[in-house]
Amino acid sequence: MAKHLNSRAAAAKLSWQIIDKGQSLDITVSSFFEHNSYSPQDRGFIQELVYGVSRWYGELDAVAATLLRSPIRNKDRVVHFVLLVGLYQLRHLDTAEHAGVAETVSACKQLNKQWAKNVINGCLRNYLRAPSEIAENVDLISHPQWISQAIGKAWPEHLNLILAANNQRPPMCLRVNRRQNTRDEYLSVLAGAGIDAKADENTPDGVFLESPCAVTALPGFEQGSCSVQDTAAQISADLLDVKNGMSVLDACAAPGGKTAHILERCDNKIDIHALDISERRCQQLHSTLDRLELSADIFTADASLAPSWPLPKSGYDRILIDAPCSGLGVIRRHPDIKHHRRSSDIDALEKTQAGLLDNLWLHLKPGGIMLYMTCSVLPRENQQQIAKFIARTNGAMLINVPHPSALTLNHGVQTLPGLHDMDGFYYCLLQKQ
Ligand SMILES: C[S@@+](CC[C@H](N)C(=O)[O-])C[C@H]1O[C@@H](n2cnc3c(N)ncnc32)[C@H](O)[C@@H]1O
């Protein structure tokens, strides 16, 4: 972007790129801030607007349709997103109405759409005259139909809770690096820095922050004192139960949150092979481990194919498959999943997951344990995937998953956003006989 846009203009442009052009929210927003310098407050506000528009798109779009005399032309779609940014502030934030409208209208000029000022001004003012009438019949669920149907089919009794949780801002969770400090010590350090936080009851290293903050504000973050990681993801290290001397494979490892946690638990004293199919994401894995002063053997490889990486002679004691999946359990953290994921993706993901299970099973030692997990809430990627795997695999034995709070299924366990104080994850432990 050539010129420094005000927060509303920046948010509208980013939202347009993410929702209409299919760009990833994380990558688009972080690359924008790499190239454009904003104060921490402005950064926070732009992020709030972009996440909010992505989260509430269904609702905001329906309200916009009742306000516009005719749809904004395709070539001016960014203007449509200016309107959504304005409506998001009026419906979901406590921005002063006057400032919200005036700043949003001035975003039109910044985006070289001066002609649209009256349209946006008129729509926002009409909305303010009768907000509840205008929003009377709009889609308040704000999920694509296929997603709400798929979740409803899987979890009919929890559907409303899950959808509501998907639309909420998630808490910021940390994983304390026990090589540097105990959780209690780090909680005291946070308190000393004026950051309110509490320990998570379900995990030994997890911490919830009262309100999110930039990682740069976290004491010792650059030196590795903690990492940002949802508590659901932190349970994997406990379930794998790695002991010193074991050989471990983390097969879908990047950007490295779980590899790092396993290493922190073993004081960096185990040999771990960390694979990922993506070269770019392997670079992120290197950075994750560098910051935490941890080491693993990292290989860019397709873990569903014959190994192109060196195998331990008698196989692995532990294999973690944190499988590529639909991500339908982490919508609250990645609301762009609503816009980018298609129901037709699930077939291909199921095939990839099955390929990973079949191939990696060959490299597990007899007696060894595999943890298969996803951040999905769809049975096809989870318990049904594992039921089929067990049916076709000799010597694959299901073992108990000692999860503190998840729902127990016939095959594995599941956490659900809204029902549990964490993201929606599936975990299953398999032992080779
Ligand atoms: C859920 S993410 C892993 C997150 C990671 N375990 C962590 O804790 O930071 C899934 C990863 O699987 C990788 N992946 C997808 N297909 C793969 C394959 N066939 N072989 C190896 N990695 C694969 C993706 O690039 C992605 O990084």
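This note sets out numbered points on the cores, the ligand shell, a helix pair and several individual residues.

1. Basis. The model is predicted: local features need pLDDT of at least 70, side-chain atom pairs count only at pLDDT 80 or more, and totals for chains, interfaces and linings use all residues. Residues are numbered from 1 along each chain as its sequence is written.

2. Largest core. The largest nonpolar core has 72 residues, of which A251, I319, I321, L360, M370, L371 and Y372 touch the most other members. Strand β9 (residues 364–374) supplies the largest share of this core, six residues. A nonpolar core is a set of buried Ala, Val, Leu, Ile, Met, Phe, Trp, Tyr and Cys residues joined through C-beta atoms within 7 Å. A residue is buried if 20 or more other C-beta atoms lie within 10 Å of its own, exposed if 12 or fewer, and partly exposed in between, with C-beta atoms placed from the backbone. Strands (E, at least two residues) and helices (H or I, at least four) are DSSP runs numbered from the N terminus.

3. I319 and the second core. Not counting residues up to four places away in sequence, I319 touches L249, A251, L360, L364 and M370; contact requires C-beta atoms, placed from the backbone, within 7 Å. A second, separate core of 42 residues includes V119, I120, C123 and L124.

4. Ligand shell. The ligand is surrounded by 19 residues, and the closest are C252, G257, K258, A303 and D322. Two or more residues of the shell come from each of α13 (257–265) and β6 (271–276). By class, the shell has nine nonpolar, five polar and five charged residues. Here Ala, Val, Leu, Ile, Met, Phe, Trp, Tyr, Cys and Pro count as nonpolar, Asp, Glu, Lys and Arg as charged, and the others, Gly among them, as polar.

5. Cis peptide. A cis peptide bond, with omega about 5 degrees, joins A254 and P255. P255 is placed in the loop between β5 (247–250) and α13.

6. S227. This residue lies in strand β4 (residues 226–228). S227 counts as buried because it has 23 C-beta neighbours inside 10 Å. Leaving aside neighbours within four places in sequence, S227 is in contact with L174, R175, N177, G257 and A260. G257 is also one of the residues closest to the ligand.

7. Helix pair. Helices α1 (residues 7–20) and α5 (residues 77–92) pack at an angle of about 115 degrees, with axes 8 Å apart. Axes are lines fitted to C-alpha atoms over the stretch in contact, and angles run from 0 to 180 degrees between N-to-C directions. Among the contributors to the contact are A11, W16 and D20 of α1 and F81, V82 and V85 of α5. The residues of this contact divide into eight nonpolar, one polar and four charged.

8. Positive phi. N112, in the loop between α6 (97–110) and α7 (117–129), has phi near 60 degrees, a positive value in a residue other than glycine. S142, in the loop between α8 (131–134) and α9 (145–154), has phi near 55 degrees. N112 is exposed, with 11 other C-beta atoms within 10 Å, whereas S142 is buried, with 21.

9. V413. Strand β12 (residues 413–414) contains V413. V413 is in contact with V401, H403, A406, L407, T408 and Y427, leaving aside its neighbours within four places in sequence.

How values were computed. Two residues are in contact if their C-beta atoms, placed from the backbone, lie within 7 Å. A residue is near a molecule or strand if its C-beta atom, placed from the backbone, lies within 6 Å of it.
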